[in-house]
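Okay, thanks for coming, everyone.

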Amino acid sequence: MPVKVTAQRSAAAGGSRLSLDVLFRKFTGAIALLVTLSLAGILIALTRESWPALHRFGWHFLISTAWDPVSDNYGALVFIVGTVVSSVIALLLAIPVSFGIALFISEMAPRWLREPVSAAVELLAAIPSIIYGMWGLLVFAPWFGNLEPWINDHLGAIPWLGALFQGPPMGIGMLAAGIVLGVMIIPFIAAIMRDVFLVTPQALKESAYAMGATTWEVARYVILPYTRTAVTGGIFLGLGRALGETMAVTFIIGNANNLSASLLMPGSSIASVIANEFTEATTHLYKSALLALGLILFVITFVVLVLAKLLLLRLDRMEGRRA
Amino acid sequence: MLTPVKSRLAALAVASMFSLGAAQAAQITGAGSTWVYPLVAKWSEAYAKETGIQVNYQGIGSGGGIAQIKAGTVAFGASDMPLTPEELAQSDLIQFPTAIAGEDLVYNLPGIKAGELILSGPVVAEIYLGKIKQWNDPAIAKLNPGLKLPDMAITTVHRADGSGTTFTFANYLSKVSPEWKEKIGANTSLAWPVGVGGKGNAGVASYVQRIKGSIGYVEYAYILESKLDYARMYNRDGKLVSPSLKGFQDAASHVDFTKARDFYVILTDQPGPGTWPISGCTWQILSKKAPKATNESVTTFFLWGFDKGQSMAESIAFGPLPPTTVDAIKAYWKTNLGI
């Protein structure tokens with residue numbers, strides 16, 4: 001802010017237009033640099049604070065399922081699995097639903113319905129995550145608990161996969177958390193998909209329709225290839241949000257620091273265990289282990305971003321080869 | 001160049017900074033345990049009305065409270081878990097208890113009302129170890145001869161967040177069950193072998209109300225507030241007791257604080273016929289390195305609370321310290337702080 005004020009004052013004092021431009025450029029440059037610096041700062045601080053735990057447990061920290069504050073023995077595997085599994089469930093739910101919403105708004109909805117539905121989707125994105133958590137715990141979980149005996153009897157009976165769907169009907173757990181997360185990220189993915197679907201050139205779509213393509217064929221062979229980059233970006237944005245979501249997950253995941261095969265059993269995610277235990281973490285190593293979890297989440301998010309970039313590059317190259 | 005208006009504004013800003021400094025002199029800052037937060041908040045409100053001195057307490061958690069008092073950024077820190085005398089000596093700290101609270105087990109069993117279920121420490125330990133899995137287990141049935149216990153799986157509910165409530169609960173189970181002591185131990189968070197975790201007392205209570213056949217532990221204040229189905233317990237003397245402020249205080253009155261170094265006593269499983277077995281308390285931690293005036297303002301505040309804040313404490317289900325304990329604290333202040 002002070003920089004801006006000086007800029008205005010110097011302009012008022014008769015400074016040339018050029019110097020104002022230079023100042024503005026420096027100002028924006030400084031802001032951009034600040035973001036990079038804070039990112040580096042966070043990374044350095046996280047690494048330094050988590051060093052005692054990483055040094056003590058080494059690579060075992062990543063593959064150990066122990067989490068015992070009493071004997072100061074910590075491992076991250078339970079939370080890594082919880083974070084990844086709940087986010088994957090969320091994506092499995094959110095991608096098809098978002099695609100349907102976006103396609104409906106951009107291609108099929110009558111014009112008068114387009115705006116209200118769009119607004120409703122955007123409004124969903126504005127709800128604070130703690131509200132989703134409370135809704136999940138007080139409304140969704142009891143309802144889901146009634147559904148779980150059915151899941152036990154039908155999905156649980158499938159050989160192999162069945163083990164994923166067996167457990168007491170509590171309504172809370174990994175699957176419930178994944179579903180609530182999915183609902184939370186739908187508006188993000190749907191909004192981006194809708195925006196890019198709408199900018200697909202009308203001429204392309206109409207040519208396809210003229211050749212007798214159905215709506216599905218237009219979506220599959222015209223819209224999706226054209227908007228692939230942005231759609232992938234939107235999905236990864238949703239994934240990023242799901243990975244780091246804290247409050248909603250804490251409310252509904254069940255917060256059991258154990259690994260279990262079933263998705264109906266309670267679990268824990270990195271963000272939820274940090275939120276739960278950080279305030280009362282009294283020993284040095286305990287705090288350090290929690291911060292090391294934070295570092296791991298940082299790395300997971302980073303890896304996801306890199307994978308997204310690589311995927312997009314690969315897609316572009318394939319496209320180039322085809323052309 | 002400053003215009004006259006601006007320089008006047010600047011002067012005003014400087015003046016207000018000084019007056020802020022003056023206001024801070026009549027302010028005591030503390031941080032730590034969320035368990036004791038309602039009590040300190042209530043006391044400080046009344047204390048400010050009477051003396052004009054503000055006590056600014058932030059419930060940031062015991063871990064944070066200990067860190068802050070070690071760093072010297074607050075006048076007192078509060079912890080639900082006492083520090084060992086060695087740890088205190090290492091950082092030049094002292095600690096004393098504030099008030100006594102208790103917790104109890106609550107359950108969701110069709111047809112069994114509040115106070116009807118009877119439990120004992122060893123049985124609770126077996127339940128939370130996952131060794132007693134059914135409500136109609138012979139061990140529970142033996143304690144409840146008149147009760148028709150359902151053939152239902154037990155789901156244990158515990159605190160997901162690090163909490164003094166968990167520490168007190170686990171400390172009690174460590175005293176009554178050798179297996180618990182060896183396998184699990186006591187801390188603000190534990191490696192629970194079974195069960196689900198709810199956030200806060202509210203989270204535990206809501207899971208218990210939701211899941212049929214569940215059992216959880218919550219603070220007594222919360223049982224009163226939410227009208228939960230609570231259990232009665234056999235205490236160390238083998239007497240059957242219900243949770244009550246009187247029971248919590250009895251736990252403290254049987255402790256000889258003059259013998260316990262730095263009040264390092266945990267009030268669980270204390271003797272006495274009326275003693276409630278899962279009683280706990282919160283400690284205030286002061287730094288010996290702090291200016292004497294600062295420490296004196298803190299001790300004056302707590303002395304006022306011990307003296308005049310008793311009914312306030314009782315109104316939010318905290319048991320006031322027995323007079324013998326308060327005397328021991330005064331003597332402790334004299335030896336360690338010269339106050």
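**A walk through the two chains**

Let's start with one residue: Thr229(A) is found in helix α9 of chain A, residues 215–244. Before I go on, this is a predicted model, where local features need pLDDT of at least 70, side-chain atom pairs count only at pLDDT 80 or more, and totals for chains, interfaces and linings use all residues. Residues are numbered from 1 along each chain as its sequence is written, with chains lettered from A and ligands numbered from 1 in the order in which they are written.

When I say helix, I mean a DSSP run of H or I with at least four residues, and a strand is a run of E with at least two, both numbered from the N terminus.

The cut-offs are 20 or more other C-beta atoms within 10 Å for buried, 12 or fewer for exposed, and partly exposed in between, with C-beta atoms placed from the backbone. Thr229(A) and Gly156(A) are 73 residues apart along the chain, and 38 Å separates their C-alpha atoms.

Zooming out, chain A has 12 helices and two strands. Along the sequence the pattern goes α-α-α-β-β-α-α-α-α-α-α-α-α-α. The C-alpha trace of chain A spans about 65 × 60 × 45 Å along its principal axes. Of the 323 residues in chain A, 36% are buried.

Now, where chain A meets chain B. Contact here means that two C-beta atoms, placed from the backbone, lie within 7 Å. Chain A puts in 25 residues and chain B puts in 29 residues. On the chain A side, β1 (67–68), α6 (129–154), α10 (247–252) and α11 (270–277) each supply at least two residues. The largest share of that side comes from α6(A), with three residues. By class, the chain A side has 13 nonpolar, nine polar and three charged residues. For those classes, Ala, Val, Leu, Ile, Met, Phe, Trp, Tyr, Cys and Pro are nonpolar, Asp, Glu, Lys and Arg are charged, and the others, Gly among them, are polar.

On to chain B and its sheets. Strands pair if DSSP finds at least two bridges between them. An open sheet of eight strands in chain B has the order β2-β1-β3-β11-β4-β8-β6-β7, with mixed pairing. β2 (54–58) and β7 (196–198) of chain B each have a single partner strand, so one side of each is left without a neighbour in the sheet. On average, neighbouring strands of this sheet are turned by 25° against each other, direction ignored.

Nine of its nine residues are buried, so β11(B) is largely enclosed by the rest of the structure. Both faces are covered, with Trp283(B) among the buried residues on one side and Gln284(B) among those on the other. Eight bridges join β11(B) to β4(B), and the two run antiparallel. β3(B), residues 76–79, also pairs with β11(B) in the antiparallel sense, over three bridges.

β9(B), residues 232–234, pairs with β10(B) in the antiparallel sense over two bridges, and Tyr234(B) has Leu240(B) as its bridge partner.

Next, helix α11(B), residues 245–253, whose buried residues include Phe248(B) and Ala251(B).

Last stop, a helix pair. Tyr128(B) is one of the α5(B) residues that meet α7(B), and Tyr172(B) is one of those on the α7(B) side. By class, that contact has seven nonpolar, one polar and no charged residues.

Definitions and conventions:
Axes are lines fitted to C-alpha atoms, for helices over the stretch in contact, and angles run from 0 to 180 degrees between N-to-C directions.
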